[in-house]
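Have the 3D view open as you read, and take the points in order.

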Amino acid sequence: MKYWSEEIETMSRSEIEALQLKRLKTTLARAAHSPFYRELFRKNSINPEDIRSTEDLTYLPFTRKNDLRLSYPRGFLAVKEDEVVRMHASSGTTGQSTVIYHTAHDLNEWTDLVTRSLVVAGAGEKDVFQNMMSYGLFTGGLGLHYGAERLGMMVIPIGGGNTHRQIEFFRDFKTSVIHITPSYALHVSDVIKDMGLGPVDFNLRLMIFGAEPYSEATRDKLEASFRVRAFNCYGLTEMNGPGVAFECRQSEGMHVWEDNYLVEIIDPATGQPAGPGEIGEVVFTTLNREAMPLIRYRTRDLAQLFPETECPCGRNFRRLSRILGRTDDMLIVRGVNVFPSQIEHVLMKLPEVGTNYQIILNRVDNLDRMTIRVEIYGKMFHGEARELRLLRKKIQHELKEQILLSTEIELMEPGALPPSQGKAKRVFDNREI
Ligand code: ADP
Ligand code: ZN
């Protein structure tokens, strides 16, 4: 078993919890230096010194994305401006982006978490790492970059897009590990086929997927197509970025690096803690950040935390399931709640289905109508009407079983839908609110 920081990674539960409490106290004291938390503590008569256990944390209010927006640009800063060495901003998938600051200590710790995560997946210094996530304010680029360098891999900071070149680089530089969004990986797998190439032409050994929700069926499809194992990497800008939770080689959930983050799962409707193993909204408190501590930050991501803490890999950090979607991703169609990832799961299990799809919602005569545009697998596309009609029926049937809704299916030729080169945009909701 390989570890990056063995002492930390093999801590017992009681050691983890003791460290968490110690760091929580420091974090609260630091947070009180920021204008936002100073005011919040004052308004709610909170004295950080009254927090005696990690459970006491539940007495503190949540911090929401909107608080970050309203405090733009510096309301959460807890150190002097000249101690800050970098800022990042979230992609703004769901509105105005938010800004996160880092001191040199923060960047160093984040880098360590990423390095630790890469080692968990089995990467090593002999690997060649092609980082296919965009660089810049988005944390998927620089975040993984520094962690991979610290591990000693050769890093190719190519960023997203330019797919032919990416594939040439796989071959020319014997890339063995890639970091990529699953939606872009689906597109890359198509282009590899179009170029008449296949897994034997490359040296790939590991894929790291992150930055967007995807289904287990998508992972299966991509693992089969690239013939390499894929590992799930979770993070969000507000919690640094990638490296918050990472899958180990057991592939049964992602270990949350609890020495750096305190994780809670709550019922998004009531804010109360979810029961053991229940699905709910993920909430994090930073435990090791100087520039911008965040307390009980509501991620809007939905997942479950596995109750058991022991893992055969030797780590006792609790594991988070795959992210099922965001609370604000959930579609309500004719009163039924649907996550795009449920639809994706059905589609990607079908061998006739290609690598791209869109979900389109319209309101016709006051009724919601859901149309799924889906590319079909090239080799199966003979254009025979009967064949296509049967396939449409099959997809409709499978979806109905899963999401309990009737859908209209439009079959598309491979490559007909715009490919994703980063975070995919797949839902087009044209209904008037
Ligand atoms: P934005 O919130 O604007 O998209 P970020 O770049 O910070 O900005 O994205 C973080 C979000 O991306 C997470 O909150 C989550 O919804 C999604 N995400 C990141 N990694 C994963 C993953 N492995 N699985 C599912 N979703 C993920
Ligand atoms: Zn494990």
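1. Before anything else, a cut-off you'll need: a residue is called buried when its relative accessible area is under 20%, exposed when over 50%, and partly exposed in between. Keep in mind, too, that this is a predicted model.

2. D429 has a value of 38%, so D429 falls in the partly exposed class. The side chains of these two, D429 and R431, meet in a salt bridge, with N and O 2.9 Å apart.

3. R431 has another partner worth a look. It forms a salt bridge with D368 as well, and here the closest N and O atoms are 3.1 Å apart. This pair links distant parts of the chain: D368 belongs to strand β18 (residues 367–376), R431 to the segment after β20 (427–429), and the two are 63 residues apart. Buried or exposed, D368 and R431? Both are buried.

4. Next, find E352 and K394. Their side chains meet in a salt bridge at 2.7 Å, N to O. E352 sits in the loop between α10 (340–349) and β17 (353–364), while K394 is in helix α11 (residues 385–403), so the bridge ties together parts that are 42 residues apart in sequence. As for accessibility, E352 comes out at 17% and counts as buried, whereas K394, at 32%, counts as partly exposed.

5. How many salt bridges does a search of the whole structure find? The total is 23, so please treat the pairs above as examples.

6. Now for a sheet. Four strands make an open sheet in the order β10-β11-β12-β14, and the pairing is antiparallel. Which strands stand at the edges? They are β10 (261–266) and β14 (325–326); each has a single partner strand, so one side of each is left without a neighbour in the sheet.

7. Inside that sheet, have a look at β11 (residues 279–286) and β12 (residues 297–304). These strands run antiparallel and are joined by five bridges. As a reminder, strands of a sheet pair through backbone hydrogen bonds, either parallel or antiparallel.

Terms used
Residues are numbered from 1 along each chain as its sequence is written. Chains are lettered from A and ligands numbered from 1 in the order in which they are written. This is a predicted model: local features need pLDDT of at least 70, side-chain atom pairs count only at pLDDT 80 or more; totals for chains, interfaces and linings use all residues. Side-chain values use heavy atoms; hydrogens and water are left out. A salt bridge is a side-chain nitrogen of Lys or Arg within 4 Å of a carboxyl oxygen of Asp or Glu. Buried means under 20% relative accessible area, exposed over 50%, partly exposed in between (1.4 Å probe, protein chains only). Two strands pair if DSSP finds at least two bridges between them.
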